[in-house]
Amino acid sequence: MNRDVLIWCLAAVAVISVAAVVALVVRNRALGARKRQAEEELTRQLADAERRFSTVLADLQRFRGEQEGALREAERTAEESTKAVLKGAVRFLQSLAAEQTTLLDGIQRRYGGHAVLADLLDVNHATAQMARKAQGIAVMCGAPLGRRSQAASVYDVVRSAQGQIRNFNRVEIMQQSGIALKASAVAPVALAVAELLDNAASFSQHDAPIEVTFQRVQGNLCIVIDDAGVGMSDEDRQKATVLLSGGTVPRLSQLGAQPKFGLPVVGLIAHQYGFKVDVTGVSRYGGVRAVVLLPEELWTMEETPPPAQETPVRRIRRIPSAEEAPEDRTVHGLPKRGERQAPTAGATDAGGASAKGTRPFKKGPRGAGGLAAIQRGTMSGRAVEVPSSEGTEDA
Amino acid sequence: MSDGPDEELELTSPLVPLFVIAKGRDLPADHEYEHTALVTARDGASAAAARALSPEARKVMDLIADGFLSVAEVSGHTHLPLGIVRILLAQLEEDGLILVRKPIPRVERVERELLSAVLDGLRTKFGA
């Protein structure tokens with residue numbers, strides 16, 4: 001009996017525990033499913049968030065790119081418009097400087113015998129320096145250089161450059177080479193050399209010489225500029241080389257309040273006109289050696305200026321002869337001489353010379369023998385200013 | 001490059017300015033190298049010294065190589081202003097390349113009247 005009860009009890013316990021286990025398993029499964037569901041949901045959300053994040057990031061980057069582009073564009077247009085304004089202004093300056101130089105040259109020739117010439121030369125020097133600055137700014141903002149229409153000897157081109165710097169007397173041009181630069185190369189090479197000379201002058205002591213020599217190396221013509229300055233550091237050299245390559249155009253806005261145009265200008269011109277400039281060498285004085293290397297297309301071996309009209313020059317011989325003296329006066333037609341033609345023409349009274357406008361004097365009685373005529377001729381030749389005393393002599 | 005709508009500026013002034021030809025020297029004093037002074041190349045003017053001259057100075061040397069020429073005429077033939085020629089001549093004389101013969105000064109001219117008066121006086125005193 002007791003056993004039965006026990007068995008029943010056991011059976012009941014077993015059934016209950018089985019039921020409990022089943023209930024637990026079922027619950028566990030349900031929990032697992034819910035967990036999985038939740039996990040899936042979360043992963044989906046995460047993916048979603050990531051997607052959104054990446055689009056936002058892409059947007060941000062796009063915006064940033066656009067902004068940078070806009071900034072760059074704005075800078076470029078600012079640079080362009082600055083250049084355009086400057087270009088207009090500098091062209092005005094350029095043509096004024098050119099006009100002034102031409103005017104000054106005319107004035108110097110007109111008043112060449114006057115003491116004012118010394119001052120005019122100084123003014124011309126100042127103008128030449130101003131013209132160089134104007135040309136430099138023109139190059140920096142992409143305006144064309146003034147152009148020369150005639151070929152010129154490289155010696156004259158360097159002399160032209162020499163005149164464009166302040167202490168031009170320090171420049172010594174060592175040899176003349178009989179090499180001519182083509183017309184198109186004259187102005188750019190002169191400007192480049194002028195800037196290099198200016199550099200050489202400003203980076204060396206104010207009385208140290210600057211030497212210019214010419215060398216021909218393998219079909220190239222080299223203009224070599226040696227200064228006695230302090231030389232350059234390696235860093236400076238590298239910077240200079242970059243500037244002189246002409247590849248990168250420095251921005252006007254980066255030049256600063258005291259712009260150093262020199263090397264950028266040289267680099268740009270060299271790039272435009274097809275020559276090379278190098279400043280990495282060391283001069284024989286320990287300073288900088290700048291070399292302008294001109295390829296064959298820019299120069300020729302011809303002697304440049306064809307000798308202008310050969311008027312025969314008749315000099316007064318050391319022993320003047322009677323026939324020669326009057327001829328001396330008539331050939332040249334210089335104003336002072338012209339006035340004196342009359343009395344000297346009288347020396348060869350019978351000769352052809354008297355045919356030329358000697359009317360008032362020809363009439364006068366001339367007791368002049370050969371010797372007196374020679375003497376008169378020589379005297380009037382040597383002292384044109386002296387008022388003629390012929391009248392009284394002849395009387 | 002130098003293209004674009006704006007045409008290029010033509011530079012018409014002489015390439016080598018006069019102050020470079022004068023090498024920055026001052027004008028000589030007024031009484032030196034007057035325009036009637038005569039100049040000639042010195043006989044011993046060495047070719048070596050002449051080679052180092054500027055083209056303008058060499059042209060002057062060529063002009064006066066074998067005879068006297070007045071300063072004014074040198075100026076006329078070289079197409080250089082008188083002042084520039086005087087500066088060049090000063091340099092050449094400094095280098096010992098030329099001889100300069102100054103014009104006969106005005107004071108040396110004698111007055112004919114004065115001379116004949118003296119002559120008359122002598123004649124009356126000593127008899128002709």
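Trainee: In which helix of chain B does B:Leu119 lie?

Mentor: In this predicted model, B:Leu119 has a relative accessibility of 40% and counts as partly exposed. Together with B:Leu114, B:Val118, B:Leu122 and B:Phe126, B:Leu119 makes a nonpolar surface patch of about 510 Å². The helix that holds B:Leu119 spans residues 112–126 of chain B, and its name is α6.

Trainee: Which residue of β3(B) is the bridge partner of B:Leu38?

Mentor: In a regular strand the side chains alternate between the two faces of the sheet. In strand β1 (residues 38–41) of chain B, B:Leu38 and B:Thr40 point one way while B:Val39 and B:Ala41 point the other way, and all are buried. β1(B) runs antiparallel to β2 (residues 69–70) of chain B, with 2 bridges, and pairs in the antiparallel sense with β3 (residues 98–101) of chain B over 4 bridges. Whereas B:Val39 has B:Leu69 as its bridge partner in β2(B), the partner of B:Leu38 in β3(B) is B:Arg101.

Trainee: What distance separates the C-alpha atoms of B:Asp66 and B:Arg42?

Mentor: B:Asp66 is located in the loop between α3 (55–63) and β2 of chain B, and at 44% relative accessibility this residue counts as partly exposed. B:Asp66 and B:Arg42 are 24 residues apart along the chain, and their C-alpha atoms are separated by 9.2 Å.

Trainee: Which strands stand at the edges of the open sheet in chain A?

Mentor: The sheet has 5 strands with mixed pairing, in the order β2-β4-β5-β7-β6 (chain A). Each edge strand has a single partner strand, so one side of each is left without a neighbour in the sheet, and in chain A these are β2 (171–173) and β6 (276–282).

Trainee: At about what angle does helix α4 of chain A run to β5(A)?

Mentor: β2(A) and β4 (residues 210–217) of chain A pair in the parallel sense over 3 bridges, with A:Val171 opposite A:Ile210 in β4(A). Helix α3 (residues 154–162) of chain A packs on the sheet, touching β2, β4 and β5 (220–226) of chain A, and its direction makes about 175° with that of β2(A). Helix α4 (residues 183–202) of chain A lies across β2, β4, β5, β6 and β7 (288–294) of chain A, and its angle to β5(A) is about 25°.

Trainee: Are A:Arg159 and A:Asp156 buried or exposed?

Mentor: The side chains of A:Arg159 and A:Asp156 meet in a salt bridge (2.9 Å, N to O), and, being 3 residues apart in helix α3 of chain A, the two are separated by about one helical turn. The relative accessible area is 3% for A:Arg159 and 18% for A:Asp156, and with the cut-off for burial at under 20%, A:Arg159 is buried and A:Asp156 counts as buried.

Trainee: How many residues apart in sequence are the parts tied together by A:Asp226 and A:Arg284?

Mentor: The side chains of A:Asp226 and A:Arg284 meet in a salt bridge (3.7 Å, N to O). A:Asp226 counts as buried at 0% relative accessibility, whereas A:Arg284 counts as exposed at 55%. A:Asp226 lies in strand β5 of chain A and A:Arg284 in the loop between β6 and β7 of chain A, so the parts that the pair ties together are apart in sequence by 58 residues.

Note on methods. Residues numbered from 1 in each chain as written. Chains lettered and ligands numbered in written order. Predicted model: local features only at pLDDT ≥ 70, side-chain atom pairs only at ≥ 80, totals over all residues. Heavy atoms only, no water. Pairing = 2+ DSSP bridges. Contact = heavy atoms within 4.5 Å. Axes fitted to C-alpha atoms, helices over the stretch in contact; angles between N-to-C directions. Buried < 20%, exposed > 50% of the residue type's maximum accessible area, 1.4 Å probe, protein only. Patch = residues over 30% accessible without salt bridge, like charges linked within 9 Å, V, L, I, M, F, W, Y side chains within 5 Å. Areas by Shrake-Rupley, 256 points an atom, 1.4 Å probe, with all protein chains shown as cover. Salt bridge = Lys/Arg side-chain N within 4 Å of Asp/Glu carboxyl O.
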